[in-house]
Amino acid sequence: WAPALTSWVTPLFFKFLVGPSTPNYRADGQLGGLVVEKCRFLQESGCKGLCLHQCKLPAQRFFADDLRLPLTVSPNFETQECQWSF
């Protein structure tokens, strides 16, 4: 239940950082996904390297190490959309 709950709560706290997001399903069809519609971080920086090293990897590390909740962040550099799967 933790991944599903996290996908519903996260948009409230991360909107200021990454932009609007909506809960959705993970790739395995389970609840616990979150799609960032247009990543503010990626739009402002315009840099794949910054996205990967200042957002994707630190976010995955934080959720795994501090919250004990595995996270996979999958950015789409063409659409500037980002799929988070808890």
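**Figure 1. The salt bridge of the predicted model.** A search of the whole structure finds one salt bridge, a term for a side-chain nitrogen of Lys or Arg within 4 Å of a carboxyl oxygen of Asp or Glu. The contact joins the side chains of R26 and D28, with an N to O distance of 2.9 Å. The structure is a predicted model, in which local features need pLDDT of at least 70 and side-chain atom pairs count only at pLDDT 80 or more, whereas totals for chains, interfaces and linings use all residues. Residues are numbered from 1 along each chain as its sequence is written, and side-chain values use heavy atoms, with hydrogens and water left out.

Figure 2. Strand β1 covers residues 21–25 and strand β2 residues 31–36; the two pair in the antiparallel sense over five bridges. Strands (E, at least two residues) and helices (H or I, at least four) are DSSP runs, numbered from the N terminus, and two strands pair if DSSP finds at least two bridges between them. Five residues lie between β1 and β2 in this hairpin, and G29 in the turn has a positive phi of about 85 degrees.

**Figure 3. Strand β2 and its pairing with β4.** Strand β2 also runs antiparallel to β4, to which four bridges join it. Here L34 stands opposite W84 of β4. Because five of its six residues are buried, β2 is largely enclosed by the rest of the structure. Buried means under 20% relative accessible area, exposed means over 50%, and partly exposed lies in between (1.4 Å probe, protein chains only).

**Figure 4. Cysteines without a disulfide.** A disulfide is counted when a pair of cysteine sulfur atoms lies within 2.5 Å, and by this rule the count comes to zero. The sulfur of C55 is 5.4 Å from the closest cysteine sulfur, that of C39, which is too far for a bond. C82 is likewise in no disulfide, and its nearest cysteine sulfur, in C39, is 5.9 Å away. C55 is buried, with a relative accessible area of 14%, and C82 is buried at 6%.

Figure 5. Rings of Phe, Tyr and Trp (its six-membered ring) pair if their centres lie within 6.5 Å; planes under 30 degrees apart count as stacked, over 60 as edge-to-face and the rest as tilted. By this rule the count comes to five aromatic pairs. In one of them, the rings of F62 and F63 have centres 5.6 Å apart and planes at 85 degrees, so the pair is edge-to-face. F62 is partly exposed at 38% relative accessibility, while F63 is buried at 4%. Ring pairs link F14, F62, F63, W84 and F86 into a cluster. W84 is also the residue of β4 that stands opposite L34.

Figure 6. W1, L5, W8, V9, L12 and F13 form a nonpolar patch with about 800 Å² of accessible area together. Patches are made of residues with over 30% relative accessible area and no salt bridge; like charges are joined within 9 Å and nonpolar side chains (Val, Leu, Ile, Met, Phe, Trp, Tyr) within 5 Å. Accessible areas come from the Shrake-Rupley method with a 1.4 Å probe, and for residues only the protein chains shown count as cover. W8 is found in helix α1, residues 2–18, and is exposed, with a relative accessible area of 56%. V9 is also found in α1, but counts as partly exposed at 33%. The C-alpha atoms of V9 and P23, which are 14 residues apart along the chain, are separated by 9.0 Å.

Figure 7. R68, a residue other than glycine, has a positive phi near 55 degrees. R68 is found in the loop between α3 (48–65) and β3 (72–76) and is exposed, with a relative accessible area of 66%. Q80, also a residue other than glycine, has a positive phi near 60 degrees. Q80 has its place in the loop between β3 and β4 (81–85), where it is partly exposed, with a relative accessible area of 21%.
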